[in-house]
Amino acid sequence: MPAVQVTYCGVCGLTPELCEYGSSLAKCKEWLEEHDDDLYEQLYGADELAEGVEGVDLDGKRKAKALKKPKSKATTGPRNVTIQKVTRNKRKYITVVCGLGKFDVDLKLAAKAMAGKFACTASQTDEDEIVVQGDVTDDIGEWLLEQWDQVSEKQIKYLDDKKGKR
């Protein structure tokens with residue numbers, strides 16, 4: 001069995017077939033074109049579209065999509081935010097915030113902001129529900145009014161305690 005000669009890229013150290021997964025594809029292409037024309041033509045010569053696509057910033061498009069607020073399916077009905085304190089154990093509580101999605105608020109970003117503001121864990125559990133650890137019902141109501149102008153004090157409803165695990 002004859003030995004196989006493998007060419008490694010002088011820029012990233014990977015094989016030329018895997019350079020596209022490295023961090024510097026343009027530099028790798030230049031190096032390969034200088035050192036092995038045949039392999040360069042085999043990998044990149046027939047792909048004319050790759051030359052036109054190099055200037056497109058795919059990460060920018062992904063970020064732009066991530067920043068768009070998702071449309072909530074539950075936009076019909078009254079627009080209210082309900083804040084409820086739920087007993088988790090005898091002395092442990094969680095605060096459940098429902099209805100922010102109807103105000104076109106990105107719930108994942110809102111949960112992350114709540115976690116930072118109240119120094120606790122907060123997560124989106126349902127399509128239109130955020131669960132925050134601890135009893136922060138009064139603070140969340142005031143914070144919502146400060147954060148989002150579209151939420152008014154009349155639209156925030158506080159519900160009574162409800163026993164049960166979440």
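Buried means under 20% relative accessible area, exposed over 50%, and partly exposed in between (1.4 Å probe, protein chains only). This is a predicted model: local features need pLDDT of at least 70, side-chain atom pairs count only at pLDDT 80 or more, and totals for chains, interfaces and linings use all residues. Residues are numbered from 1 along each chain as its sequence is written, and side-chain values use heavy atoms, leaving out hydrogens and water.

Start with glutamate 33. Glutamate 33 sits in helix α1 (helices are DSSP runs of H or I, at least four residues; strands are runs of E, at least two). Its relative accessible area is 42%, so glutamate 33 is partly exposed.

With Glu33 they form a negatively charged surface patch. Patch members have over 30% relative accessible area and no salt bridge, and like charges are joined within 9 Å. Two elements, α1 (25-35) and α2 (37-45), each give two or more residues to the negative patch.

Stay on α2. Which residues of α2 are buried? Select Leu39, Tyr40 and Tyr44. Looking down the axis of α2, these buried residues fall within an arc of 100 degrees (directions from the helix axis to the C-beta atoms), so they line one face of the helix. Asp38 and Gln42 are exposed on the other side of α2.

Last, select lysine 85 and aspartate 135. They form a salt bridge (a side-chain nitrogen of Lys or Arg within 4 Å of a carboxyl oxygen of Asp or Glu), with the closest N and O atoms 3.5 Å apart. Lysine 85 lies in strand β1 (residues 81-87), and aspartate 135 in the loop between β4 (129-133) and α6 (137-147), 50 residues apart.

Key. Patch = residues over 30% accessible without salt bridge, like charges linked within 9 Å, V, L, I, M, F, W, Y side chains within 5 Å. Areas by Shrake-Rupley, 256 points an atom, 1.4 Å probe, with all protein chains shown as cover. Lys, Arg positive; Asp, Glu negative; His and termini not counted. Charge placed at Lys NZ, Arg CZ, Asp CG, Glu CD.
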